[in-house]
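Dear colleague,

I am handing over the structure we spoke about, with its sequence, and below it you will find what came out of going through it. Please keep both open as you read.

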Amino acid sequence: MKRKIIALMLACAVVLGCTGCVKVIKIGEEGKYTGKAAFNAADAAAGLWEDAVINIQEKAVDLPDFLEEANGDLASLVDKYGKYSMGTSGSISYAVKGTGVVEEINQEKKAGYMTVKLDGYDGPEVIKIQIGSVYKGSSTRDTLDVVNFGNYTNQQEWAAISQELHTAIDTNIIQPANPASLSGKTIEFVGTFTVDGNDELLITTVVLDVK
């Protein structure tokens, strides 16, 4: 009986000794205690930007040739030119390049776009280029070979990379081109799109030159 009392007293002492030992760590300060720096999506995307542009330029297929070869089935060329968002499954994205005349500029909503009449192609597909300020999808990130989900800790970081790449596109590519002034002008572009049906391509550019 005496041993049980002593054991109980020791247990209470341990519990009481631990009271007040729990430390609440603020979000973003984890690195002070773990030795791991907090993730900064803006810095990560900035470090990735130049390699991303080069990677997409190297992969880009001529859009008129691509559309002719696809023959109305954009997903059919995934094994030749495309990339799945999740290894061998998920959404399909492509890197493409082309030249065309800007026919319409639509900035009525935040997810603005301009439609382009593609040189060298007379098919039915509608070609749209995103001009922000909101950018749909994640084709820029998903097309890349220089980065993948395994480089990041969780889905939140992976999503943040896509968002910050869009910020870089808006800052470095779209705004300097002054899209509101491009109606009727010839542009040359390199970009990416994710297959979402066969009637329309919504392209996010990493290169946009006005002729």
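Predicted model: local features only at pLDDT ≥ 70, side-chain atom pairs only at ≥ 80, totals over all residues.

Among the contacts between residues at least 6 apart in sequence, 65% join residues that are at least 24 apart.

The largest nonpolar core holds 49 residues, and the members that touch the most others are Leu 63, Phe 66, Leu 67, Ile 187 and Ile 203. Two or more residues are given to this core by each of α3 (41–59), α4 (63–70), β3 (89–106), β4 (111–118), β5, α7, β6 (186–194) and β7 (200–210), and the largest share, 8 residues, comes from α7.

Helix α7 covers residues 155–177, and its 23 residues reach 32 Å from the first C-alpha to the last, which is close to the 33 Å expected at 1.5 Å a residue; even so, α7 has a kink of about 40°, centred on Asp 170. Its N-terminal end is capped by Asn 154, with a side-chain oxygen lying 3.1 Å from the backbone nitrogen of Gln 156, while α7 is followed by Asn 178, whose phi is positive, near 50°.

I also looked at Ile 127, which lies in strand β5 (residues 126–133). Is Ile 127 buried or exposed? Its relative accessibility is 4%, and Ile 127 therefore counts as buried, the cut-off for buried being under 20%. Leaving out residues up to four places away in sequence, Ile 127 touches Leu 63, Leu 67, Met 114, Thr 115, Val 116, Leu 201 and Ile 203. One of these, Leu 63, is 64 residues away along the chain, and the C-alpha atoms of the pair are separated by 9.9 Å.

With best regards

Note on methods. Residues numbered from 1 in each chain as written. Heavy atoms only, no water. Helix = DSSP H or I, 4+ residues; strand = E, 2+ residues; numbered from the N terminus. Expected span 1.5 Å × (residues − 1). Bend = angle between axes of the 7 residues up to and from the residue. Polar contact = N/O pair within 3.5 Å; in protein donor to acceptor, adjacent residues only side chain to side chain. Buried < 20%, exposed > 50% of the residue type's maximum accessible area, 1.4 Å probe, protein only. Contact = heavy atoms within 4.5 Å. Core = buried A, V, L, I, M, F, W, Y, C linked by side-chain atoms within 4.5 Å.
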